[in-house]
Amino acid sequence: MPAFRGQVLSSVLFYEDMVKRRSADELDILSHVKRFLEVFTGDRSFRDTMAQDPNKRQGLADARGLRIEVRKLWRPREADSEEPVDRDLSDLPLAILWKDWIKDLRTFRKKIREDGYSPKAPPAYNAWRNRQVERIIREIGPTRADGIVHPVMAFELSAGCTVGCWFCGFGANPFQGYFERTPANVKLWREVLGVASDIFGEAIQTSCCYSATEPFDNPNYLDFLQDYREMVGTLPQTTSAAPLRDLVWTKRLMEMHKVPHCFPSRFSIISKKVLKELHRTFSPRELLLYELLMQHGESSYPKVRAGKALSRKNSAGHKATGLSVADESTTIACVSGFYVNMTQRSIQLVSPCQASELWPFGYRVHLKGSFSNAQEFGDFIERAVSECMPVDIPNDRPVFFGECFKYELKDDGFCLSSKFSIQRVQGSPHIRRLGDMIAMGSYNQSELIEILLDSEADIFELKGTLKDLFEKGLLEFA
(Lines give C-alpha, C1' and ligand atoms only; values in the text may rest on other atoms or scores of the structure.)
Protein backbone atom coordinates (compact mmCIF):
# COMPACT_ATOMS: atom_id res chain seq x y z
CA MET A 1 0.00 0.00 0.00
CA PRO A 2 1.64 3.31 -1.08
CA ALA A 3 2.37 6.01 1.51
CA PHE A 4 0.58 9.37 1.62
CA ARG A 5 1.12 11.69 -1.34
CA GLY A 6 -1.76 14.15 -0.92
CA GLN A 7 -2.29 17.59 0.62
CA VAL A 8 -2.25 18.42 4.32
CA LEU A 9 -5.49 19.92 5.61
CA SER A 10 -5.77 23.69 5.97
CA SER A 11 -6.70 23.28 9.64
CA VAL A 12 -3.37 21.60 10.41
CA LEU A 13 -1.45 24.30 8.56
CA PHE A 14 -3.41 26.99 10.42
CA TYR A 15 -2.51 25.38 13.75
CA GLU A 16 1.16 25.32 12.84
CA ASP A 17 1.00 28.96 11.74
CA MET A 18 -0.73 30.17 14.92
CA VAL A 19 2.32 28.92 16.82
CA LYS A 20 4.91 30.23 14.33
CA ARG A 21 3.54 33.78 14.24
CA ARG A 22 4.00 34.22 17.97
CA SER A 23 7.39 35.07 19.41
CA ALA A 24 9.24 32.81 21.82
CA ASP A 25 8.49 35.26 24.64
CA GLU A 26 4.77 35.27 23.82
CA LEU A 27 4.66 31.47 23.76
CA ASP A 28 6.45 31.33 27.09
CA ILE A 29 3.96 33.76 28.65
CA LEU A 30 1.03 31.84 27.17
CA SER A 31 2.37 28.61 28.62
CA HIS A 32 2.45 30.12 32.12
CA VAL A 33 -1.03 31.62 31.72
CA LYS A 34 -2.25 28.19 30.63
CA ARG A 35 -0.66 26.55 33.67
CA PHE A 36 -2.20 29.16 35.98
CA LEU A 37 -5.65 28.31 34.56
CA GLU A 38 -4.95 24.58 34.93
CA VAL A 39 -4.08 25.00 38.60
CA PHE A 40 -7.02 27.34 39.14
CA THR A 41 -9.53 24.92 37.63
CA GLY A 42 -7.91 21.77 39.01
CA ASP A 43 -6.92 22.67 42.59
CA ARG A 44 -9.74 23.75 44.90
CA SER A 45 -7.50 25.17 47.65
CA PHE A 46 -5.58 27.30 45.14
CA ARG A 47 -8.85 28.49 43.61
CA ASP A 48 -10.46 29.33 46.95
CA THR A 49 -7.43 31.23 48.26
CA MET A 50 -7.13 33.18 45.03
CA ALA A 51 -10.76 34.22 45.27
CA GLN A 52 -10.79 35.04 48.99
CA ASP A 53 -7.44 36.61 49.84
CA PRO A 54 -6.09 39.29 47.45
CA ASN A 55 -2.89 39.65 49.45
CA LYS A 56 -1.88 36.04 48.83
CA ARG A 57 -2.58 35.81 45.10
CA GLN A 58 0.85 36.65 43.72
CA GLY A 59 2.68 34.68 46.39
CA LEU A 60 0.52 31.65 45.68
CA ALA A 61 1.28 31.90 41.96
CA ASP A 62 4.99 32.33 42.64
CA ALA A 63 5.01 29.24 44.87
CA ARG A 64 3.66 27.21 41.95
CA GLY A 65 6.45 28.46 39.69
CA LEU A 66 4.08 30.60 37.62
CA ARG A 67 6.03 33.43 36.03
CA ILE A 68 3.12 35.81 35.57
CA GLU A 69 1.79 38.90 37.30
CA VAL A 70 -1.65 37.80 38.47
CA ARG A 71 -2.98 41.37 38.45
CA LYS A 72 -2.32 41.51 34.69
CA LEU A 73 -4.30 38.34 34.04
CA TRP A 74 -7.16 38.00 36.48
CA ARG A 75 -9.64 40.37 38.09
CA PRO A 76 -12.12 38.49 40.28
CA ARG A 77 -15.72 39.41 39.67
CA GLU A 78 -17.62 40.60 42.72
CA ALA A 79 -20.50 38.40 43.81
CA ASP A 80 -23.10 41.08 42.99
CA SER A 81 -21.35 42.30 39.85
CA GLU A 82 -23.24 42.51 36.59
CA GLU A 83 -20.21 42.97 34.38
CA PRO A 84 -20.87 41.98 30.75
CA VAL A 85 -19.13 38.97 29.29
CA ASP A 86 -17.11 41.22 26.97
CA ARG A 87 -15.85 43.43 29.78
CA ASP A 88 -12.96 45.86 29.36
CA LEU A 89 -9.64 44.02 29.49
CA SER A 90 -7.36 46.99 28.83
CA ASP A 91 -5.78 46.65 32.28
CA LEU A 92 -5.28 42.88 31.83
CA PRO A 93 -2.68 42.51 29.04
CA LEU A 94 -2.10 38.82 29.79
CA ALA A 95 -5.82 38.15 29.52
CA ILE A 96 -5.83 39.84 26.11
CA LEU A 97 -2.91 37.66 24.99
CA TRP A 98 -4.75 34.53 26.17
CA LYS A 99 -8.03 35.64 24.60
CA ASP A 100 -6.32 35.97 21.22
CA TRP A 101 -4.82 32.48 21.63
CA ILE A 102 -8.25 30.99 22.42
CA LYS A 103 -9.73 32.82 19.44
CA ASP A 104 -7.18 31.09 17.20
CA LEU A 105 -7.93 27.72 18.79
CA ARG A 106 -11.64 28.20 18.06
CA THR A 107 -10.84 29.10 14.47
CA PHE A 108 -8.70 25.96 14.26
CA ARG A 109 -11.60 23.87 15.55
CA LYS A 110 -13.94 25.43 13.00
CA LYS A 111 -11.48 24.65 10.22
CA ILE A 112 -11.30 20.99 11.29
CA ARG A 113 -15.08 20.82 10.99
CA GLU A 114 -14.90 22.37 7.51
CA ASP A 115 -12.05 20.07 6.46
CA GLY A 116 -14.26 17.04 7.13
CA TYR A 117 -15.93 17.73 3.80
CA SER A 118 -13.95 16.50 0.82
CA PRO A 119 -14.62 16.77 -2.91
CA LYS A 120 -13.31 13.21 -3.14
CA ALA A 121 -15.74 11.83 -0.55
CA PRO A 122 -19.10 10.45 -1.70
CA PRO A 123 -21.45 13.45 -2.13
CA ALA A 124 -24.10 11.54 -0.18
CA TYR A 125 -21.70 11.33 2.79
CA ASN A 126 -20.92 15.05 2.68
CA ALA A 127 -24.64 15.88 2.65
CA TRP A 128 -25.37 13.37 5.44
CA ARG A 129 -22.56 14.76 7.56
CA ASN A 130 -23.87 18.28 7.07
CA ARG A 131 -27.30 17.17 8.31
CA GLN A 132 -25.68 15.78 11.46
CA VAL A 133 -23.86 19.08 12.01
CA GLU A 134 -27.13 21.00 11.63
CA ARG A 135 -29.09 18.63 13.86
CA ILE A 136 -26.69 18.54 16.80
CA ILE A 137 -26.60 22.35 16.96
CA ARG A 138 -30.35 22.30 17.55
CA GLU A 139 -30.20 19.34 19.95
CA ILE A 140 -27.54 20.53 22.39
CA GLY A 141 -27.20 24.23 21.51
CA PRO A 142 -24.61 26.14 19.48
CA THR A 143 -22.16 26.64 22.36
CA ARG A 144 -21.75 22.94 23.13
CA ALA A 145 -22.04 21.95 19.47
CA ASP A 146 -19.14 24.27 18.65
CA GLY A 147 -16.86 21.81 20.44
CA ILE A 148 -17.82 18.97 18.09
CA VAL A 149 -15.67 18.77 14.96
CA HIS A 150 -17.37 15.72 13.35
CA PRO A 151 -14.28 13.75 12.25
CA VAL A 152 -14.78 11.10 9.58
CA MET A 153 -13.52 8.15 11.65
CA ALA A 154 -12.27 7.01 15.03
CA PHE A 155 -10.03 3.93 14.90
CA GLU A 156 -9.68 1.98 18.15
CA LEU A 157 -6.56 -0.11 18.67
CA SER A 158 -7.77 -1.95 21.76
CA ALA A 159 -11.07 -3.18 23.17
CA GLY A 160 -12.37 -1.86 26.48
CA CYS A 161 -10.37 0.29 28.89
CA THR A 162 -8.17 -0.32 31.95
CA VAL A 163 -8.76 3.11 33.53
CA GLY A 164 -12.43 2.58 34.40
CA CYS A 165 -13.56 6.17 35.06
CA TRP A 166 -16.94 6.21 36.84
CA PHE A 167 -18.11 9.08 34.64
CA CYS A 168 -17.05 7.68 31.25
CA GLY A 169 -19.31 9.34 28.67
CA PHE A 170 -18.96 6.30 26.40
CA GLY A 171 -19.59 3.75 29.16
CA ALA A 172 -16.39 1.94 28.21
CA ASN A 173 -16.30 -1.79 29.00
CA PRO A 174 -13.49 -3.36 31.03
CA PHE A 175 -10.30 -4.02 29.07
CA GLN A 176 -10.57 -7.02 26.73
CA GLY A 177 -7.34 -6.93 24.77
CA TYR A 178 -5.46 -4.97 22.13
CA PHE A 179 -4.61 -5.05 18.43
CA GLU A 180 -1.26 -6.83 18.41
CA ARG A 181 1.50 -5.65 16.14
CA THR A 182 1.92 -8.77 14.05
CA PRO A 183 2.94 -8.61 10.37
CA ALA A 184 -0.60 -9.58 9.37
CA ASN A 185 -2.14 -6.88 11.56
CA VAL A 186 0.25 -4.20 10.31
CA LYS A 187 -0.68 -5.14 6.76
CA LEU A 188 -4.41 -4.99 7.56
CA TRP A 189 -4.02 -1.66 9.38
CA ARG A 190 -2.19 0.01 6.53
CA GLU A 191 -4.61 -1.41 3.96
CA VAL A 192 -7.62 -0.16 5.96
CA LEU A 193 -6.06 3.30 6.17
CA GLY A 194 -5.40 3.19 2.44
CA VAL A 195 -9.02 2.31 1.65
CA ALA A 196 -10.29 5.04 4.00
CA SER A 197 -8.03 7.58 2.28
CA ASP A 198 -9.16 6.42 -1.17
CA ILE A 199 -12.82 6.91 -0.21
CA PHE A 200 -12.64 10.14 1.78
CA GLY A 201 -9.49 11.82 0.48
CA GLU A 202 -7.68 14.27 2.77
CA ALA A 203 -10.77 14.50 5.02
CA ILE A 204 -9.64 11.24 6.63
CA GLN A 205 -6.92 13.31 8.33
CA THR A 206 -9.58 14.60 10.75
CA SER A 207 -9.77 11.10 12.27
CA CYS A 208 -8.25 9.84 15.53
CA CYS A 209 -7.02 6.49 16.89
CA TYR A 210 -9.00 6.15 20.11
CA SER A 211 -12.56 6.55 21.36
CA ALA A 212 -13.91 4.54 24.30
CA THR A 213 -10.36 3.24 24.86
CA GLU A 214 -7.13 4.23 26.58
CA PRO A 215 -4.27 4.55 24.06
CA PHE A 216 -1.73 3.37 26.65
CA ASP A 217 -3.49 -0.02 26.76
CA ASN A 218 -1.92 -0.94 23.43
CA PRO A 219 1.87 -1.23 23.94
CA ASN A 220 2.39 -0.60 20.22
CA TYR A 221 -0.03 2.33 19.92
CA LEU A 222 2.71 4.76 18.93
CA ASP A 223 4.02 2.39 16.26
CA PHE A 224 0.54 2.20 14.76
CA LEU A 225 0.41 5.99 14.96
CA GLN A 226 3.60 6.16 12.90
CA ASP A 227 1.92 3.93 10.29
CA TYR A 228 -1.02 6.33 10.34
CA ARG A 229 1.25 9.32 9.75
CA GLU A 230 2.90 7.58 6.81
CA MET A 231 -0.42 6.54 5.24
CA VAL A 232 -2.65 9.52 6.07
CA GLY A 233 -0.17 12.40 6.19
CA THR A 234 -0.78 13.74 9.70
CA LEU A 235 -0.33 12.67 13.30
CA PRO A 236 -3.82 12.36 14.82
CA GLN A 237 -4.92 13.61 18.20
CA THR A 238 -4.31 11.31 21.16
CA THR A 239 -6.19 11.63 24.45
CA SER A 240 -4.81 9.63 27.37
CA ALA A 241 -6.02 9.38 30.98
CA ALA A 242 -2.73 7.76 32.00
CA PRO A 243 0.05 10.19 30.99
CA LEU A 244 2.25 9.14 33.93
CA ARG A 245 1.87 5.38 33.54
CA ASP A 246 4.96 5.18 31.36
CA LEU A 247 6.95 8.39 30.93
CA VAL A 248 9.00 6.86 28.14
CA TRP A 249 5.75 6.40 26.21
CA THR A 250 4.57 9.93 26.97
CA LYS A 251 7.90 11.50 26.03
CA ARG A 252 7.99 9.52 22.80
CA LEU A 253 4.52 10.84 21.94
CA MET A 254 5.78 14.36 22.59
CA GLU A 255 8.77 13.77 20.33
CA MET A 256 6.43 12.61 17.56
CA HIS A 257 4.57 15.91 17.92
CA LYS A 258 7.73 17.85 17.09
CA VAL A 259 7.49 16.67 13.48
CA PRO A 260 5.24 18.90 11.29
CA HIS A 261 1.58 18.20 10.53
CA CYS A 262 0.19 17.14 13.91
CA PHE A 263 -3.16 17.56 15.58
CA PRO A 264 -2.78 18.61 19.24
CA SER A 265 -3.16 15.90 21.87
CA ARG A 266 -4.75 15.90 25.32
CA PHE A 267 -4.31 14.41 28.79
CA SER A 268 -7.29 13.69 31.03
CA ILE A 269 -6.50 14.51 34.66
CA ILE A 270 -8.29 12.10 37.00
CA SER A 271 -6.70 13.19 40.31
CA LYS A 272 -5.03 16.27 41.76
CA LYS A 273 -1.96 14.11 42.39
CA VAL A 274 -1.68 13.43 38.65
CA LEU A 275 -2.02 17.16 37.92
CA LYS A 276 0.77 18.07 40.33
CA GLU A 277 3.06 15.29 39.13
CA LEU A 278 2.49 16.18 35.48
CA HIS A 279 3.35 19.80 36.29
CA ARG A 280 6.49 18.69 38.13
CA THR A 281 7.58 16.48 35.26
CA PHE A 282 6.99 18.85 32.34
CA SER A 283 7.54 22.58 32.07
CA PRO A 284 4.72 24.96 31.09
CA ARG A 285 6.28 25.36 27.65
CA GLU A 286 6.46 21.59 27.12
CA LEU A 287 2.73 21.30 27.84
CA LEU A 288 1.55 24.42 26.00
CA LEU A 289 0.22 22.43 23.04
CA TYR A 290 -1.37 19.71 25.21
CA GLU A 291 -4.83 20.32 26.60
CA LEU A 292 -5.33 19.10 30.18
CA LEU A 293 -8.90 17.95 30.78
CA MET A 294 -9.78 18.36 34.46
CA GLN A 295 -11.80 15.23 35.25
CA HIS A 296 -11.04 14.85 38.96
CA GLY A 297 -12.89 15.69 42.15
CA GLU A 298 -11.43 19.18 42.62
CA SER A 299 -12.20 20.33 39.10
CA SER A 300 -14.33 23.44 38.71
CA TYR A 301 -16.20 21.67 35.91
CA PRO A 302 -19.02 19.13 36.33
CA LYS A 303 -19.02 15.83 34.46
CA VAL A 304 -20.94 15.44 31.21
CA ARG A 305 -24.27 13.69 31.72
CA ALA A 306 -23.82 10.80 29.32
CA GLY A 307 -22.69 7.17 29.44
CA LYS A 308 -21.98 5.97 32.98
CA ALA A 309 -22.99 9.36 34.41
CA LEU A 310 -26.33 9.60 32.56
CA SER A 311 -28.49 8.47 35.49
CA ARG A 312 -26.26 9.62 38.33
CA LYS A 313 -27.92 11.81 40.97
CA ASN A 314 -26.00 14.64 42.61
CA SER A 315 -26.06 14.81 46.40
CA ALA A 316 -28.14 17.60 47.91
CA GLY A 317 -25.99 20.67 48.50
CA HIS A 318 -23.05 19.01 46.75
CA LYS A 319 -20.27 21.57 46.24
CA ALA A 320 -17.50 19.36 44.86
CA THR A 321 -18.13 20.37 41.28
CA GLY A 322 -15.69 17.90 39.81
CA LEU A 323 -17.65 15.03 41.33
CA SER A 324 -21.04 16.37 40.26
CA VAL A 325 -22.78 15.81 36.96
CA ALA A 326 -24.20 18.50 34.68
CA ASP A 327 -27.95 19.03 34.98
CA GLU A 328 -28.66 18.51 31.29
CA SER A 329 -27.65 15.44 29.29
CA THR A 330 -25.36 16.12 26.36
CA THR A 331 -22.53 14.19 24.68
CA ILE A 332 -18.77 13.79 24.42
CA ALA A 333 -19.12 12.02 21.05
CA CYS A 334 -17.79 13.85 18.02
CA VAL A 335 -17.63 11.43 15.07
CA SER A 336 -20.08 11.80 12.20
CA GLY A 337 -18.87 8.78 10.34
CA PHE A 338 -17.40 5.51 11.49
CA TYR A 339 -16.21 3.90 14.70
CA VAL A 340 -13.70 1.21 13.72
CA ASN A 341 -12.34 -1.27 16.26
CA MET A 342 -9.31 -3.02 14.83
CA THR A 343 -9.17 -5.56 17.69
CA GLN A 344 -12.74 -6.73 17.21
CA ARG A 345 -12.80 -6.06 13.44
CA SER A 346 -16.04 -4.12 13.95
CA ILE A 347 -17.33 -1.00 12.26
CA GLN A 348 -20.32 1.23 13.00
CA LEU A 349 -21.84 4.25 11.28
CA VAL A 350 -22.48 6.79 14.05
CA SER A 351 -23.34 10.43 14.69
CA PRO A 352 -23.41 12.55 17.88
CA CYS A 353 -26.69 13.13 19.71
CA GLN A 354 -27.97 14.20 23.08
CA ALA A 355 -27.55 11.30 25.48
CA SER A 356 -30.84 9.58 26.30
CA GLU A 357 -32.23 6.22 27.35
CA LEU A 358 -32.30 5.25 23.68
CA TRP A 359 -28.75 6.49 23.00
CA PRO A 360 -27.06 6.54 26.45
CA PHE A 361 -23.53 7.06 25.12
CA GLY A 362 -24.39 10.27 23.26
CA TYR A 363 -24.18 8.89 19.75
CA ARG A 364 -26.59 7.19 17.38
CA VAL A 365 -25.71 3.92 15.72
CA HIS A 366 -27.11 3.90 12.20
CA LEU A 367 -25.56 0.66 10.99
CA LYS A 368 -23.29 -2.08 12.39
CA GLY A 369 -20.97 -4.47 10.62
CA SER A 370 -17.70 -6.35 10.71
CA PHE A 371 -14.74 -6.93 8.41
CA SER A 372 -11.89 -9.39 8.09
CA ASN A 373 -9.97 -7.55 5.37
CA ALA A 374 -9.71 -4.13 3.75
CA GLN A 375 -12.09 -5.10 0.94
CA GLU A 376 -14.86 -5.88 3.43
CA PHE A 377 -14.06 -2.67 5.31
CA GLY A 378 -14.59 -0.65 2.13
CA ASP A 379 -17.70 -2.65 1.23
CA PHE A 380 -19.31 -1.72 4.56
CA ILE A 381 -18.67 1.97 3.96
CA GLU A 382 -20.26 1.74 0.52
CA ARG A 383 -23.24 -0.08 2.03
CA ALA A 384 -23.59 2.56 4.77
CA VAL A 385 -23.59 5.35 2.20
CA SER A 386 -26.15 3.52 0.06
CA GLU A 387 -28.53 2.51 2.87
CA CYS A 388 -28.21 5.31 5.43
CA MET A 389 -27.36 8.46 3.48
CA PRO A 390 -30.20 9.27 1.08
CA VAL A 391 -29.61 12.35 -1.03
CA ASP A 392 -33.32 13.15 -0.74
CA ILE A 393 -36.19 12.17 1.52
CA PRO A 394 -36.98 8.48 0.83
CA ASN A 395 -40.38 8.01 -0.76
CA ASP A 396 -40.95 4.56 0.72
CA ARG A 397 -40.33 5.25 4.44
CA PRO A 398 -42.57 7.06 6.95
CA VAL A 399 -41.14 10.42 7.93
CA PHE A 400 -41.33 12.03 11.39
CA PHE A 401 -39.67 14.71 13.50
CA GLY A 402 -36.58 13.93 15.57
CA GLU A 403 -37.21 12.73 19.11
CA CYS A 404 -35.39 15.67 20.70
CA PHE A 405 -37.74 18.25 19.21
CA LYS A 406 -41.10 19.35 20.59
CA TYR A 407 -43.75 19.94 17.94
CA GLU A 408 -46.23 22.80 18.33
CA LEU A 409 -48.89 24.00 15.92
CA LYS A 410 -48.97 27.76 15.31
CA ASP A 411 -51.44 30.08 13.57
CA ASP A 412 -49.17 30.50 10.54
CA GLY A 413 -47.41 27.12 10.52
CA PHE A 414 -45.66 25.09 13.19
CA CYS A 415 -42.67 25.16 15.50
CA LEU A 416 -39.98 22.61 16.39
CA SER A 417 -38.11 23.39 19.57
CA SER A 418 -35.56 21.98 21.98
CA LYS A 419 -34.22 23.61 25.11
CA PHE A 420 -31.60 25.28 22.95
CA SER A 421 -33.31 26.18 19.69
CA ILE A 422 -36.58 27.11 18.01
CA GLN A 423 -37.25 26.40 14.34
CA ARG A 424 -40.31 28.23 12.98
CA VAL A 425 -41.89 26.91 9.79
CA GLN A 426 -44.37 29.33 8.22
CA GLY A 427 -46.45 29.38 5.08
CA SER A 428 -49.92 28.70 3.72
CA PRO A 429 -52.57 26.88 5.80
CA HIS A 430 -51.39 23.64 4.17
CA ILE A 431 -48.08 23.94 6.08
CA ARG A 432 -49.94 23.50 9.37
CA ARG A 433 -51.47 20.28 8.08
CA LEU A 434 -48.10 19.13 6.76
CA GLY A 435 -46.65 19.58 10.24
CA ASP A 436 -49.45 17.57 11.83
CA MET A 437 -49.03 14.73 9.36
CA ILE A 438 -45.26 14.55 9.87
CA ALA A 439 -45.78 14.60 13.65
CA MET A 440 -48.03 11.54 13.32
CA GLY A 441 -45.16 9.59 11.76
CA SER A 442 -47.47 7.52 9.53
CA TYR A 443 -46.83 8.96 6.07
CA ASN A 444 -43.96 8.83 3.61
CA GLN A 445 -43.05 11.80 1.44
CA SER A 446 -45.13 10.66 -1.55
CA GLU A 447 -48.21 10.21 0.62
CA LEU A 448 -47.76 13.60 2.28
CA ILE A 449 -47.56 15.39 -1.06
CA GLU A 450 -50.37 13.41 -2.67
CA ILE A 451 -52.82 14.02 0.18
CA LEU A 452 -52.07 17.73 0.40
CA LEU A 453 -52.20 18.21 -3.37
CA ASP A 454 -55.76 16.89 -3.24
CA SER A 455 -56.44 19.90 -1.01
CA GLU A 456 -54.94 22.20 -3.69
CA ALA A 457 -51.66 22.82 -1.86
CA ASP A 458 -48.73 24.35 -3.73
CA ILE A 459 -46.36 21.50 -4.63
CA PHE A 460 -43.35 23.82 -4.71
CA GLU A 461 -44.10 25.08 -1.19
CA LEU A 462 -44.53 21.53 0.08
CA LYS A 463 -41.35 20.21 -1.50
CA GLY A 464 -39.38 23.28 -0.47
CA THR A 465 -40.50 22.95 3.15
CA LEU A 466 -39.72 19.23 3.26
CA LYS A 467 -36.30 19.78 1.70
CA ASP A 468 -35.46 22.52 4.21
CA LEU A 469 -36.48 20.31 7.16
CA PHE A 470 -34.47 17.44 5.71
CA GLU A 471 -31.30 19.45 5.18
CA LYS A 472 -31.47 20.87 8.72
CA GLY A 473 -31.52 17.35 10.15
CA LEU A 474 -35.01 17.73 11.62
CA LEU A 475 -36.56 14.73 9.90
CA GLU A 476 -36.21 11.03 10.74
CA PHE A 477 -37.28 7.94 8.79
CA ALA A 478 -38.83 4.71 10.03
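A salt bridge here is a side-chain nitrogen of Lys or Arg within 4 Å of a carboxyl oxygen of Asp or Glu. By that rule, Lys56 forms a salt bridge with Asp53, with the closest N and O atoms 3.9 Å apart, and a search of the whole structure finds 30 salt bridges. Please keep in mind that this is a predicted model: local features need pLDDT of at least 70, side-chain atom pairs count only at pLDDT 80 or more, and totals for chains, interfaces and linings use all residues. Residues are numbered from 1 along each chain as its sequence is written, and side-chain values use heavy atoms, with hydrogens and water left out.

**Salt bridges**

- Side chains of opposite charge can pair when their charged atoms come close.
- Both partners of the Lys56 and Asp53 pair are partly exposed: Lys56 has 49% relative accessibility and Asp53 has a relative accessible area of 23%. The term covers values between the other two classes, where buried means under 20% relative accessible area and exposed over 50% (1.4 Å probe, protein chains only).
- Arg64 and Asp43 also meet through their side chains in a salt bridge, at 2.6 Å from N to O. This pair links distant parts of the chain, 21 residues apart: Arg64 is in the loop between helix 4 (57-63) and helix 5, and Asp43 is in the loop between helix 2 and helix 3 (44-52). Helices (H or I, at least four residues) and strands (E, at least two) are DSSP runs, numbered from the N terminus.
- Arg64 is partly exposed at 32% relative accessibility, whereas Asp43 is buried, with a relative accessible area of 1%.
- Another salt bridge joins the side chains of Arg364 and Glu139 (3.4 Å, N to O). Arg364 belongs to strand 11 (residues 363-370) and Glu139 to helix 6 (residues 123-140), so the pair ties together parts that are 225 residues apart in sequence.
- Arg364 is buried, with a relative accessible area of 8%, and Glu139 is buried too, at 1%.
- A network of salt bridges links Asp17, Arg21, Arg22 and Asp104.

**Aromatic rings**

- The structure holds 25 aromatic pairs. Rings of Phe, Tyr and Trp (its six-membered ring) pair if their centres lie within 6.5 Å; planes under 30 degrees apart count as stacked, over 60 as edge-to-face and the rest as tilted.
- With Phe155 in strand 1 (residues 153-156) and Trp189 in helix 8 (residues 183-200), the pair ties together parts that are 34 residues apart in sequence. Both Phe155 and Trp189 are buried.
- Phe338 and Phe380 have ring centres 6.3 Å apart and planes at 75 degrees, so this pair is edge-to-face. Phe338 lies in strand 9 (residues 337-341) and Phe380 in helix 12 (residues 374-388), so the pair ties together parts that are 42 residues apart in sequence.
- Phe338 is buried at a relative accessible area of 0%, and Phe380 is buried at 4%.
- Phe338 and Phe380 form one aromatic cluster with Tyr125, Trp128 and Phe200.

**Charges over rings**

- The charged end of Lys303 sits over the ring of Phe167, 5.0 Å from its centre. The rule asks for NZ of Lys or CZ of Arg within 6 Å of the ring centre and within 35 degrees of the ring normal.
- Arg129 lies over the face of Tyr117, 4.4 Å from the ring centre.

**Buried positions and their contacts**

- In helix 1 (residues 10-20), the buried residues are Ser11, Val12, Phe14, Tyr15, Glu16, Met18 and Val19. They pack against helix 2 (24-42) and helix 5 (93-115), where contact means heavy atoms within 4.5 Å.
- Ile438 is found in helix 13 (residues 429-440) and is buried, with a relative accessible area of 0%. Not counting residues up to four places away in sequence, Ile438 touches Val399, Phe400, Phe401, Leu448, Leu466, Leu469 and Leu475.
- Ser240 sits in strand 4 (residues 239-240) and counts as buried at 0% relative accessibility. Leaving aside neighbours within four places in sequence, the contacts of Ser240 include Glu214, Phe216 and Arg266.
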